[in-house]
Amino acid sequence: RTEMSERDITEENIIEATDQDGNPVNFEHLLTFEYGENFYVAMLPVELPDDMEEGEVLLMRLEEDGDNDVFLPIDTEEELEGAWNAFLEMYYEDDEDEE
């Protein structure tokens with residue numbers, strides 16, 4: 001998780017996920033990227049949950065279950081650190097390309 005600058009949220013980049021209790025939760029999609037043998041998604045909550053601070057980024061591993069995408073927590077600190085570094089590199093590379 002990290003602090004991100006304020007961004008425009010549009011309907012095209014909103015992901016609706018289901019939390020542990022089966023409630024719908026909306027996230028702003030920032031980036032889908034590959035690291036190692038897995039794909040990951042970086043997103044910001046549209047409505048801030050109690051356990052997150054404003055601007056914190058959530059990283060989840062992305063897997064397919066039939067026709068549905070499933071967001072899974074990252075299992076180990078090593079995997080999280082590697083995915084996080086890959087996200088930062090790609091995210092800030094995209095920002096530099098836009099300038």
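Colleague: Is leucine 58 buried or exposed?

Modeller: The general idea comes as cut-offs: buried means under 20% relative accessible area, exposed over 50%, and partly exposed lies in between, with a 1.4 Å probe and protein chains only. Leucine 58 counts as buried because its relative accessibility is 17%. Please keep in mind that this is a predicted model, where local features need pLDDT of at least 70 and side-chain atom pairs count only at pLDDT 80 or more, while totals for chains, interfaces and linings use all residues. Residues are numbered from 1 along each chain as its sequence is written, and side-chain values use heavy atoms, with hydrogens and water left out.

Colleague: Where does leucine 58 sit, and which residues is it in contact with?

Modeller: Strands (E, at least two residues) and helices (H or I, at least four) are DSSP runs, numbered from the N terminus. Leucine 58 belongs to strand β4, residues 58-65. Contact means heavy atoms within 4.5 Å. Leaving aside neighbours within four places in sequence, leucine 58 is in contact with Phe27, Val41, Ala42, Met43 and Met52. For a C-alpha distance, take proline 73: it lies 15 residues along the chain from leucine 58, and the two C-alpha atoms are separated by 9.5 Å.

Colleague: How many salt bridges does a search of the whole structure find?

Modeller: The criterion is a side-chain nitrogen of Lys or Arg within 4 Å of a carboxyl oxygen of Asp or Glu. The search finds three. Arginine 61 meets glutamate 63 at 3.0 Å, N to O. Arginine 61 also meets aspartate 75, at 3.4 Å. That pair links distant parts of the chain, 14 residues apart: aspartate 75 is in the loop between β5 (68-72) and α1 (77-98), and arginine 61 is in strand β4. Another salt bridge joins glutamate 79 and arginine 61 at 3.0 Å. Here helix α1 holds glutamate 79 and strand β4 holds arginine 61, 18 residues apart. Together, Arg61, Glu63, Asp75 and Glu79 form a network of salt bridges.

Colleague: How should I read a nonpolar core, and which residues have the most contacts inside the largest one?

Modeller: A nonpolar core is a set of buried Ala, Val, Leu, Ile, Met, Phe, Trp, Tyr and Cys residues joined through side-chain atoms within 4.5 Å. The largest has 14 residues, and those with the most contacts inside it are Leu30, Phe33, Ala42, Val57, Leu59 and Phe87. β2 (24-35), β3 (38-45) and α1 each supply at least two residues of this core, and α1 gives the largest share, five residues. A second, separate core of eight residues includes Ile15, Ala17, Met43 and Met52.

Colleague: Which residues of β1 are covered, and how does this strand pair?

Modeller: Strand β1 (residues 14-18) has Ile15 and Ala17 on its covered face, with Ile14, Glu16 and Thr18 on the uncovered one. Two strands pair if DSSP finds at least two bridges between them. β1 and β2 pair in the antiparallel sense over five bridges, and valine 25 in β2 is the bridge partner of alanine 17. Five residues lie between the strands of this hairpin, where glycine 22 takes a positive phi near 85°.

Colleague: What does the pLDDT say about the protein?

Modeller: pLDDT is the predictor's confidence in each residue, from 0 to 100. The protein averages 81, and 83% of the residues score at least 70. Among the elements, β3 has the highest mean (92) and β1 the lowest (83). Over residues 1-7 the pLDDT stays under 50.
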